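Hi,

Here is the structure I promised to pass on. Have a look at it first, and then read my notes below.

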Amino acid sequence: MEPNIKLRVSQIEKSFPGVKALNKIDFSVRKGTVHALCGENGAGKSTLMKIINGIYKPDTGQIFIDEKPVKILNPIHARSYGIAMIAQELNYVPEMSIEENLFLGRLPVTKYGKVDWKLLRKKTIEFLSAEGLPYKPDQKLKTLTVSDIQMLEIIKAINNKAEIIVMDEPTSAITQREVDILFKKIEVLKSQGVSIVYISHKLDEVFQIADDITIFRDGTVVESHRASDLDMDKVIALMVGRKIENVYPKEEIKLGDKLLEIKDLCSTGVFKNINFHVSKGEIIGFAGLVGAGRTEVMRAIFGLDPITSGHIMKDGQKVEIKSVKDSIKNKMVMLTEDRRRYGIIPIRSVMENASISILEKIIYGGYAHEREERKIVGEYFSKMNVKTPSLETPIQSLSGGNQQKVLLAKWMLRNPDILILDEPTRGIDVGAKFEIYKLMSEMAKQNRAVIMVSSELPELIGMCDRIYVMNQGKITGELQKSEFCQESIMKYATSTI
Amino acid sequence: MKFRNNRVMEKYSIFIVLFVMIIICSLLNENFLSTGNITNIIKQLSVAAILAYGEMLLIVSGMLDLSAGAVLALSGVLSVSVYKSSGSLIIALLVAVIVAVVCNIINAIMVTSFKAPPFIATLAMQTVARGIALLFTKGQNILQLDNYVVFGQGNIGPIPVSIIFLIIITIIIWYLLRHTRLGRSLYAIGGNEEAAVASGINVKLNKYKVFIINGILVGIAGVLFMSRVNAGLPNGAVGYEMEGLTAAIVGGTSFSGGIGTTMGTLTGAFIIGCLNNIMNLIGIDSYVQQIVKGVIIALAVIWDIHSKTKKTTKVVLVEEKEKVVSN
């Protein structure tokens with residue numbers, strides 16, 4: 001055994017009804033290092049972390065902290081062992097102030113049992129100024145952006161004097177600048193002897209900060225190495241268990257006529273004078289920083305939000321889009337961002353989640369044709385490689401990547417001309433990403449059009465024919481394929497013409 | 001295949017509960033299974049079951065109706081008085097349905113256009129409807145209903161009219177949930193309203209529809225109730241919405257929306273109906289009966305939450321959050 005092992009798990013197993021989530025997991029984290037966990041969604045990383053945090057109980061196996069066997073009963077108990085977890089889904093109370101959220105569950109009290117607001121305020125101010133954060137302690141959390149809240153979460157964990165911090169996709173919702181701040185923070189923590197378990201799908205980040213990397217696949221540990229002994233291709237190959245030759249399966253398609261044209265679209269206070277078009281067989285991208293107005297434009301085109309002026313032309317004809325229904329009638333569909341909020345209906349079955357888009361095709365002549373429904377949906381699921389125990393499984397028990405594939409299937413069942421994708425690959429694994437890229441290529445090959453909003457520049461550059469860049473509610477640049485490079489996109493994304 | 005079996009068990013557990021209950025009841029009292037008693041049980045539970053369908057549809061789509069009992073009384077007394085002046089059963093029935101539908105359209109306006117939480121909106125309607133019922137009758141019961149009692153007490157052939165109503169309504173509600181786009185849309189709306197909107201479902205229109213259906217059901221229940229007691233009672237049916245809610249919840253309707261079935265709700269109504277009946281048959285004190293019913297509701301809700309916790313990880317997380325907050 002190596003010296004300085006802070007956390008070790010041995011032969012951990014965990015089953016859920018129908019699936020073995022973890023199978024004989026051995027894994028250890030050295031003191032003062034960053035240990036990255038890589039693996040596709042559903043590979044078991046998050047399950048293992050939930051066991052370490054006491055949310056799940058393992059069926060068998062043992063956890064050791066400082067080489068002493070421990071039993072972790074719940075997250076509060078885990079905290080007493082110095083374990084803190086920054087969950088993928090943020091845990092906060094929007095209606096409470098920063099100070100209350102920071103000290104949630106540990107509010108200081110006077111000797112009479114009353115909350116000591118003065119001490120709380122003092123501690124919070126000390127803390128915020130030490131971290132160099134420009135917030136007021138009585139600001140309500142709901143007034144902050146997601147990335148601010150993510151930073152606060154991270155700081156909260158550190159504030160807990162944690163010795164082991166689990167970070168599950170900490171950078172999925174924060175900007176590059178904050179990622180840099182976070183990484184600096186991690187370096188400081190390391191030097192203080194804190195161990196960090198870092199889960200991320202962004203492999204470039206992983207290689208930037210990880211000391212050790214463990215790769216999960218299908219509930220087992222495939223390999224565990226020093227980061228210096230691995231490279232990105234090797235990690236991807238180990239994660240998916242096969243080699244993906246071409247990460248971006250984009251094909252050259254001869255472009256047809258203009259399929260969709262947006263003219264002078266405005267929405268007061270949200271976006272202004274949006275002009276763009278997409279042709280048959282084309283994939284266009286929308287780049288920009290978080291809050292640039294890309295999602296808002298797409299939501300308006302899809303009929304989810306109102307517009308104040310401007311119009312939408314399809315096949316050279318002006319079309320009225322006042323609701324999602326109008327949009328669907330014009331064969332335009334949109335995979336919305338934030339799967340949990342706008343996408344899935346958690347407790348309903350995967351089949352219903354998919355067939356909701358084609359109700360008139362399965363419910364006609366006075367009754368529901370369930371057999372046809374099973375057939376249509378089932379065929380599409382196998383085409384898109386959706387992994388689900390059955391068609392009746394509630395969608396919430398699927399991994400993020402599979403949920404996303406179900407939602408895509410739902411829209412593809414409508415056989416759309418135009419597919420709008422808003423951050424389609426956020427938080428999903430390499431394999432599912434590849435399926436989505438393949439589908440985009442397929443759409444283009446059939447002379448249909450794809451519009452992709454993404455914050456991941458490599459995928460925009462890899463998949464698109466043209467890229468529009470937005471900033472502060474305006475389109476600030478348009479790049480042809482020959483002009484694609486990360487630097488010029490970032491330049492437009494921060495310019496204010 | 002363990003997974004599937006669990007689902008099947010879960011799906012039919014409520015029917016098994018009823019079955020076991022019937023066996024126990026028949027052992028406790030030999031009259032329980034007599035035709036007369038069974039008919040009596042169904043007659044008595046029909047009003048609650050019809051209200052339960054309305055509540056179930058509303059809960060499935062993420063809402064509820066606290067005004068059902070009061071609106072039932074209002075539409076009932078208006079229907080009774082229209083019958084007394086017109087003598088037409090058809091018009092009396094129509095009046096009850098129209099009054100209850102109007103009340104529910106107002107509920108729907110408050111909920112959809114003014115974004116009032118259904119709990120508050122229908123609570124306000126409860127107070128208003130009860131007030132109008134009392135104002136209209138000056139607080140007096142309307143007596144001597146003559147032929148009006150045919151709804152609640154009459155028979156067509158060997159079958160009581162109220163049971164015929166219950167059967168027809170059950171079939172319609174089952175069909176609605178299972179075989180129409182409305183049904184699927186309601187599950188989607190209750191399961192995740194924002195996702196339903198983004199999927200092209202007209203949430204507002206569907207909420208109107210479900211309130212209107214609830215209105216029709218409440219109106220019919222009003223007629224059945226008044227004719228069963230042979231009086232127009234402006235103070236009648238107090239708390240009947242709770243009877244409906246109880247049957248729906250016991251029948252497996254999930255209070256967080258998106259889950260609920262017609263047969264489950266009917267079974268829930270039967271469980272409550274049998275419970276009431278057997279407790280009367282073996283002479284249990286009526287105060288004790290209330291306690292027993294309360295305990296049953298608590299158990300049903302605990303069961304509902306427990307079975308969801310097993311199924312999903314998300315619920316676990318939410319509970320953890322609550323734990324942290326409450327500490």
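This is a predicted model: local features need pLDDT of at least 70, side-chain atom pairs count only at pLDDT 80 or more; totals for chains, interfaces and linings use all residues.

What follows is a quick tour of what I found, chain by chain.

**Chain A overall**

Chain A has 18 helices and 22 strands. Its C-alpha trace spans about 70 × 50 × 50 Å along the principal axes. The radius of gyration is 24 Å, which agrees with the value near 23 Å that a compact globule of 497 residues would have. Of those 497 residues, 46% are buried. If you take the contacts in chain A between residues at least 6 apart in sequence, 69% of them join residues at least 24 apart.

**A sheet in chain A**

The part I'd look at in chain A is an open sheet of 6 strands, in the order β16-β19-β20-β13-β21-β22, with mixed pairing. Its edge strands are β16 (332-335) and β22 (474-480) of chain A, each of which pairs on one side only. From one strand to the next, the twist averages 20°.

Starting from the β16 end, β16(A) runs parallel to β19(A) (residues 418-422), and 4 bridges join the two. Met334(A) has Ile420(A) in β19(A) as its bridge partner.

Further along, β13(A) pairs with β21(A) over 5 bridges in the parallel sense. There you'll find Ala287(A) opposite Val469(A) in β21(A). On to the last pair: β21(A) and β22(A) are antiparallel, with 6 bridges, and Tyr468(A) stands opposite Glu478(A) in β22(A). These two strands form a hairpin with 2 residues between them, where Gln472(A) takes a positive phi near 45°.

How many of the 6 residues of β21(A) are buried? The count is 5, so β21(A) is largely enclosed by the rest of the structure.

Helix α16 (residues 430-445) of chain A lies across β13 (283-288), β19 and β20 (449-453) of chain A, and it runs at about 145° to β20(A). Helix α18 (residues 486-494) of chain A also packs on the sheet, where it touches β13, β21 (466-471) and β22 of chain A. The direction of α18(A) makes about 35° with that of β21(A).

**Chain B**

Chain B comes to 14 helices and 2 strands. Its radius of gyration is 20 Å, close to the 20 Å that the globule rule gives for 327 residues, so chain B is as compact as a globular protein of that length. The C-alpha atoms fill a box of roughly 60 × 55 × 40 Å along the principal axes. Of the 327 residues in chain B, 46% count as buried. Among contacts in chain B with a separation of 6 or more, 76% are between residues 24 or more positions apart.

Two spots in this chain are worth a look.

The crossing is right-handed. Residues that meet here include Ile106(B), Met110(B) and Val111(B) from α4(B), with Ala121(B), Met125(B) and Ala129(B) among those from α5(B).

Over to you, and enjoy browsing.

Key
Residues are numbered from 1 along each chain as its sequence is written. Chains are lettered from A and ligands numbered from 1 in the order in which they are written. Two strands pair if DSSP finds at least two bridges between them. Axes are lines fitted to C-alpha atoms, for helices over the stretch in contact, and angles run from 0 to 180 degrees between N-to-C directions. Two residues are in contact if their C-beta atoms, placed from the backbone, lie within 7 Å. The radius of gyration is taken over C-alpha atoms; the globule rule is 2.2 Å times the number of residues to the power 0.38. A residue is buried if 20 or more other C-beta atoms lie within 10 Å of its own, exposed if 12 or fewer, and partly exposed in between; C-beta atoms are placed from the backbone. A crossing is left-handed if the near helix is turned anticlockwise from the far one by less than a right angle, and right-handed if clockwise.
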